[in-house]
Amino acid sequence: MTLVFWICLFVVCYAYVGYGINLYLLMKARELIRGKRPVPVVAESDLPSLTLVVAAYNEEAVIGEKIRNSLGLIYPPDRLELLFVTDGSTDRTPLLVRGFPQVKHLHAPARRGKVHAVHRAMELVDTDIVVFTDANALLNREALLLIARHFTDPEVGAVAGEKRVLAEAALDATAGEGIYWKYESTLKRWDAALYSVVGAAGELFSVRRSLYEQVPADTILDDFMISMRIAAQGYRIVYEPDAYAAEQSSEDIGEELKRKIRIAAGGIQSVVRLRKLLNPFAFPLLSFQYIGHRVLRWTIAPLCLPVLLVLNMAICIAGGGAVYSILLAGQLIFYLLALAGWLFERKAIRVKSFFVPYYFCVMNYAVLAGMVRYIRGSQSAAWDKARRKAS
């Protein structure tokens, strides 16, 4: 019993803290030996041709602002195309897109999911680089320039931008989403400095068109799968934090939970379909990063959390000693803070520090629920977007 307890404790600590520490130390060691990776400087005449692709489903509330934001991005106009796909939309989204003649537009009445929409778009793309971004995410004006410069390195197959969650203004439980993404951004910077980012988020990422591979139509996390398939070909995924996509946090914790469960189901699917990346002999650095940053959080660590608590209680009841009592007290305090966060959210009491443990628990519950959905085959690949706070 004690052996299982310490194994679970190690997995949890490594997944959420230990990997970051190891990653930082390895990154610093690499920089001492080989120096920091240089930031590419590219003349405007050498920038690659680029297509910005947006797959939008029933986004009439934000699509106009998204198009205006896209038209305002700084990039040589003779090397930039905008392509919006509105397949399946039943609101005014297609009509609003057609109101901008500068934008190429694809629309089909049938809703066949984001993956199919992206594949349709890629059949028309003939530029060197493809940038994918979500309809509800606004990019900073220099984003495309900052992303495109990295593709002058032939080892780079994809570039991930930064996701910024505008959660600070509303201190409810969704503030944990913003804090989580700040931590994720730090890990991504360190991942990229060591070797490669482990997957890209759909808010803003780009790939070489020549390396793009179609993913199965039932893929839940298409952005992650597309980018990791490129990494599996031996190319690096670079992180560019100064190119960012800003979006509002989820409307409430219920909407965030809905989104997280879908991501968790997609995470399990990705682990199954990218299982060759678990082989450290074939992918030494990438496998280390993939397992430490993604796989443990999507599989074993959330399962270890309840086991850890139950075993800790059992060991203490059996007279396990002071160390186990201290560890149990720490767990109980953490979960009490999470419970307080839940109660404060229901009462609209804004105490940000309590929302962090609450959000952590919500995330891990979502992983367990996502596992169940994946096993049952009940998670659709068609996206059901979470409602966001009003801007």
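## Aromatic pairs

A search of the whole structure, which is a predicted model, finds 13 aromatic pairs. One of them joins Y16 and F360 in an edge-to-face arrangement, with 5.0 Å from centre to centre and 70° between the planes. This pair connects distant parts of the chain: Y16 belongs to helix α1 (residues 2-34) and F360 to helix α12 (residues 352-376), 344 residues apart.

Y16 counts as buried because its relative accessibility is 15%, where the cut-off for buried is under 20%. F360 counts as buried as well, because its relative accessibility is 18%. Elsewhere among the aromatic residues, ring pairs link F10, Y14, Y19 and F288 into a cluster.

## The chain as a whole

The chain contains 12 helices and 8 strands. A compact globule of 391 residues would have a radius of gyration near 21 Å, and the chain has 22 Å, so the two agree. Taken along the principal axes, the C-alpha atoms fill a box of roughly 75 × 50 × 40 Å.

Of the 391 residues, 55% are buried. Among contacts with a separation of 6 or more, 78% are between residues 24 or more positions apart.

## Surface and charge

The accessible surface of the chain is about 17,700 Å². Carbon and sulfur atoms account for 62% of that surface.

The side chains include 45 positive and 37 negative ones. The centres of these two sets lie 4 Å apart.

## Helix α4

Helix α4 covers residues 114-122 and is mostly covered, with 7 of its 9 residues buried. The buried residues are K114, V115, A117, V118, H119, A121 and M122.

What do the buried residues of α4 pack against? Their partners are the strands β1 (50-55), β2 (80-85), β3 (104-106) and β4 (129-133), together with helix α7 (222-232).

V103 sits in the loop between α3 (93-98) and β3. Strand β3 is also one of the elements that the buried residues of α4 pack against. Is V103 buried or exposed? V103 is buried, because its relative accessible area is 8% and the cut-off is under 20%.

Leaving aside neighbours within four places in sequence, V103 is in contact with I67, L82, F84 and V97. For one of these, I67, the separation from V103 is 36 residues in sequence and 8.2 Å in space, C-alpha to C-alpha.

## W190 in helix α6

W190 is found in helix α6, which runs over residues 175-194. With a relative accessible area of 23%, W190 is partly exposed.

Which residues does W190 contact, once its neighbours within four places in sequence are left aside? They are G20, L23, Y24 and M27. W190 and L25 are 165 residues apart in sequence, while their C-alpha atoms are 9.6 Å apart in space.

## N58 in a loop

N58 lies in the loop between β1 and α2 (63-71). The phi angle of N58 is positive, at about 50°, although N58 is not a glycine.

Conventions
Residues numbered from 1 in each chain as written. Predicted model: local features only at pLDDT ≥ 70, side-chain atom pairs only at ≥ 80, totals over all residues. Heavy atoms only, no water. Helix = DSSP H or I, 4+ residues; strand = E, 2+ residues; numbered from the N terminus. Rg over C-alpha atoms; globule rule 2.2 N^0.38 Å. Buried < 20%, exposed > 50% of the residue type's maximum accessible area, 1.4 Å probe, protein only. Contact = heavy atoms within 4.5 Å. Areas by Shrake-Rupley, 256 points an atom, 1.4 Å probe, with all protein chains shown as cover. Lys, Arg positive; Asp, Glu negative; His and termini not counted. Charge placed at Lys NZ, Arg CZ, Asp CG, Glu CD. Phe/Tyr/Trp six-rings, centres within 6.5 Å; stacked < 30°, edge-to-face > 60°.
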